[in-house]
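Colleague: I would be grateful for a close look at one residue, followed by an account of the packing elsewhere in the chain.

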Amino acid sequence: MAYTPNENRYESIAYNRCGNSGLKLPAISLGLWNNFGGEDVFENQRKMIRKAFDLGITHFDLANNYGPPPGSAEENFRRILEKDFAGYRDEMVISTKAGFTMWPGPYGDWGSKKYLVASLDQSLKRMGLDYVDIFYHHRPDSETPLEETMAALDLIVRQGKALYVGISNYNAEDTEKAIDILERQGTPFIIHQASYSMLNRWVEDGLTDLLSKRGAGCIAFVPLAQGLLTDKYLNGIPADSRAAKQYIRSLNEKDVSPDVIEKVQQLNEVARDRGQSLAQMALVWVLREKAVFSALIGASKVSQIEENVKALEKPDFTEAEIDRIEEILR
């Protein structure tokens with residue numbers, strides 16, 4: 001059966017302006033980092049993208065290396081676009097990135113102009129697109145001059161292969177340098193994709209203030225701390241959890257210490273008193289930060305997307321709630 005989007009999809013979610021640009025992003029965006037690769041069930045991927053769009057999530061975030069295998073998330077996304085969204089491209093914000101290892105040799109990694117331009121060309125072919133809405137440099141490169149990396153982003157915009165550009169995983173100092181370079185080149189910097197959650201607050205040490213001052217904004221990835229800020233870890237580490245899988249470098253058993261579990265349990269009590277799940281509270285908590293205009297979620301099933309969007313029904317905190325959360329996190 002052909003897919004027909006929910007006609008009321010724009011009524012259930014907030015859209016926030018991306019810095020000083022004209023671009024607006026939904027308060028919750030969907031990332032395809034996990035569960036959209038070649039080893040995952042395609043029909044489940046398709047259901048999740050459909051549900052996200054029906055709920056007003058218009059921003060879909062990818063990278064060249066998302067899979068596994070690398071590139072397969074972009075390939076699967078193309079299949080979903082062709083099957084369900086051929087007439088809705090202009091209602092979608094599609095982003096991708098390059099900066100991590102994608103192919104062998106000296107030209108398939110980091111931040112050279114050769115790598116970034118070639119990688120985006122490959123990503124566009126995999127997704128069947130003429131352009132992406134946002135293209136990011138995925139991580140800093142200490143060996144390539146920052147001027148060259150930013151020149152590549154400037155070139156990509158001038159070629160029409162991306163409408164906007166940003167960076168990810170940069171500290172505040174290097175972010176300001178990147179903004180200055182792009183400003184001189186005439187390509188506005190509008191977005192920084194950074195890890196940010198209740199358990200990972202490094203962006204508050206200068207980065208968010210910088211972004212606000214320079215007319216840019218932040219989209220927060222892993223706002224649920226790879227699942228730690230859900231009900232999954234309230235009683236320890238489940239055997240089927242991400243932390244139990246030692247081959248996943250981003251979250252291992254060592255990250256789930258008794259101290260962390262205790263904090264998560266106390267935060268869950270605050271969320272319960274608010275009438276929210278812990279995950280819902282964690283999402284609206286990152287959106288409290290004035291520089292953060294979207295929280296980038298991942299999902300393995302449709303129900304997770306539905307639960308996360310419901311978080312926006314209760315976005316405000318009382319002073320007492322904020323004080324209690326800060327006490328727990330300290």
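Is Ala 2 buried or exposed?

Modeller: Ala 2 is exposed, with a relative accessible area of 68%; the classes are buried for under 20%, exposed for over 50% and partly exposed in between, with a 1.4 Å probe and protein chains only. The model is predicted, with local features requiring pLDDT of at least 70 and side-chain atom pairs pLDDT 80 or more, while totals for chains, interfaces and linings use all residues. Residues are numbered from 1 along each chain as its sequence is written, and side-chain values use heavy atoms, with hydrogens and water left out.

Ala 2 belongs to the segment before β1 (15–17); helices (H or I, at least four residues) and strands (E, at least two) are DSSP runs, numbered from the N terminus.

Next come the aromatic residues. A pair of aromatic rings is described by the distance of the centres and the angle of the planes. The structure holds seven aromatic pairs, where rings of Phe, Tyr and Trp (its six-membered ring) pair if their centres lie within 6.5 Å, and planes under 30 degrees apart count as stacked, over 60 as edge-to-face and the rest as tilted. One of them joins Phe 53 and Phe 85 edge-to-face, at 5.2 Å centre to centre and 80° between the planes. This pair links distant parts of the chain, 32 residues apart: Phe 53 is in helix α1 (residues 42–54), and Phe 85 is in the loop between α2 (72–84) and β5 (93–98). Phe 53 is buried at 1% relative accessibility, and Phe 85 is buried at 2%. Tyr 3, Phe 53, Phe 85 and Tyr 88 form one aromatic cluster.

Another pair, Tyr 196 with Trp 285, is tilted, with 5.7 Å between centres and 45° between the planes. Tyr 196 lies in the loop between β8 (189–195) and α6 (207–213) and Trp 285 in helix α8, so the pair ties together parts that are 89 residues apart in sequence. Tyr 196 is buried, with a relative accessible area of 2%; Trp 285 is likewise buried, at 2%.

Helix α8 (residues 278–288) packs against helix α10 (residues 319–329) at about 100°, with axes 13 Å apart; axes are lines fitted to C-alpha atoms, for helices over the stretch in contact, and angles run from 0 to 180 degrees between N-to-C directions. α8 is therefore roughly perpendicular to α10, on a scale of under 35 degrees for roughly parallel, over 145 for roughly antiparallel, 65 to 115 for roughly perpendicular and oblique for the rest. Met 281, Trp 285 and Arg 288 of α8 meet Ile 322, Ile 325, Glu 326 and Leu 329 of α10, contact meaning heavy atoms within 4.5 Å.

The charged end of Arg 79 is 3.7 Å from the ring centre of Phe 42, and Arg 89 lies over the face of Tyr 131, at 4.5 Å from the ring centre.

Definitions and conventions. A charge sits over a ring if NZ of Lys or CZ of Arg is within 6 Å of the ring centre and within 35 degrees of the ring normal.
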